[in-house]
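Student: Before we discuss the contact between two chains, may I see the model?
Tutor: Here it is.

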Amino acid sequence: MTEIPPTSSRDSDLVQLFLVGDGEAIREVDTWISQAAWSFRQRLSEDWEDILQEIRLELTRLLRRGSFRGDSSLKTYLWRVVNHTCIDRLRRRSRWRWQGLDDLDHRGVLAEGARQGVRNEFRDLMLRVVSQTSKDCHKLWQLVLEGYSYREMSQQLGVSEATLRVRVLRCRKKAVAVRDNLLEESAGV
Amino acid sequence: MKNLAIDCGSAAELLPWYLNGTLGQEESAALEAHMESCPGCRQEHRDTSFAAAAFNTHATADQLVRYAFHQVSMGPERTLLEDHLRICSRCAEELKLVEASRDRQHEDMDVSFETPAAEIPAALPFRRSPFRRSPFRRSPFRRSQSRSAQGWQLGAIAASLLAILAAGYWLWNLGSTAGTVGDTGPATAGLEGPGISLPAGSESGLRVIAASSGTFDEGASVLRLEARTSEVELTFAFDGPPPEGPAEIDVLDSVGRRLWRGSALTPLGDSRFQARLPIEAFPVGELTLRVRRRDGGRLVTFAETSILVEAAP
């Protein structure tokens, strides 16, 4: 049986008051939001007001739909929502993002109309592949993914363009080799 | 690269920057021409796509937050996550931010919002009650009131609220400052009034009542306010020429905090505009809609009105 936290009635009261627009409840929740998001402020300073707004909207949406079930305190729940939203916001600012996994199914790794479970497995495969490359490879490829040209990367890293291109190629080959090994292992070959 | 003929070795090296879109026009064209006739390099293209996707795979926000809050138990997921955190400086940095946030959870921080409280026009019947209180106003460390004092206080609050509601209803029936509330009785009746048309019953579970006649303070009229399942559609018209330059519409709560800001105002012609606002920007209670425009680099309020949102029965 799930143990109900002692503050659950206070939390549910606060949720109800917040949703009906009670000023004090809004102020309390707003203070928590600010506290929780504060560590992201330097990275998100340009969009700070927008982010606070986005967090409020997301929290309101989740509370309205009953997502807070009292498994933790409301404050902890809110903290998690805030951190989720801030990380998502940081990531949306990335210069270049991969759009989907379907384009990668050149080896038939994904079934047609991939189910979420299969996509999760594919995602785990990607994480395993990357974890077996080096930190330097990861850094190089992050610059590629952020949209830097090879000239920019060469200047930033202080290496010749030729050297840079060879290093990035070696990292790519390493990733593909690890992938092939992992797939063979999982196939029992 | 003056020589536009690319061999397989060069093609393999250039593919990452071809995929990230930073390769020059000539190099891209040469690479594409080469791949058309080289199946080996087309496979290199697919392998490079895979590598890009793999290196662009990160711990999810959910994983980082759960890990920081000690909710990822020992097992394959945790191992995979920690292996990734050793390699990926971006995820490691994000985790630090989450951990710093987590550590603030039990601190007392004096953090104030920068949004100033909006002035609430005195003419509106739905003025914020100075007597409104909630159980959360007091710090748990303050001395609590006696029971009899609390009883008198609650009585005073209730009486004040009734007085304000009665005054508001009286003013509203006069029709001098309030839109006409449908006095047809059934709660699901549509609300009609001069310039205001609201649907009978709201799909979104909200009922939006304009607290004023719909006239913005500075010369605009709300023509239509329609609440749907996921959005509120606001149609309004400016009495005179519409504001020049970009305009924004804000939704403010009862204490003046901005709940939503939008700049997507769709012109309908004849100084009429339409805005679609997410339903989440309309919590139950008093709200202020404010249209602002840029004037010499600063935002100037062009029009403002208050509305009251109630839960539809």
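Student: How much area do chain B and chain A bury between them, and how is that area defined?
Tutor: They bury about 7,500 Å², 62% of it on carbon and sulfur atoms. Buried area is the accessible area (1.4 Å probe) that two parts lose on being put together, summed over both. This is a predicted model: local features need pLDDT of at least 70, side-chain atom pairs count only at pLDDT 80 or more, and totals for chains, interfaces and linings use all residues. Residues are numbered from 1 along each chain, chains are lettered from A in the order written, and side-chain values use heavy atoms, without hydrogens and water.

Student: How many residues does each chain bring to the contact?
Tutor: Chain B brings 78 residues and chain A 83, contact meaning heavy atoms within 4.5 Å.

Student: What makes A:Arg43 and B:Glu93 a salt bridge?
Tutor: The term requires a side-chain nitrogen of Lys or Arg within 4 Å of a carboxyl oxygen of Asp or Glu. The N to O distance here is 2.3 Å, so the pair qualifies. The count between chain B and chain A is five salt bridges.
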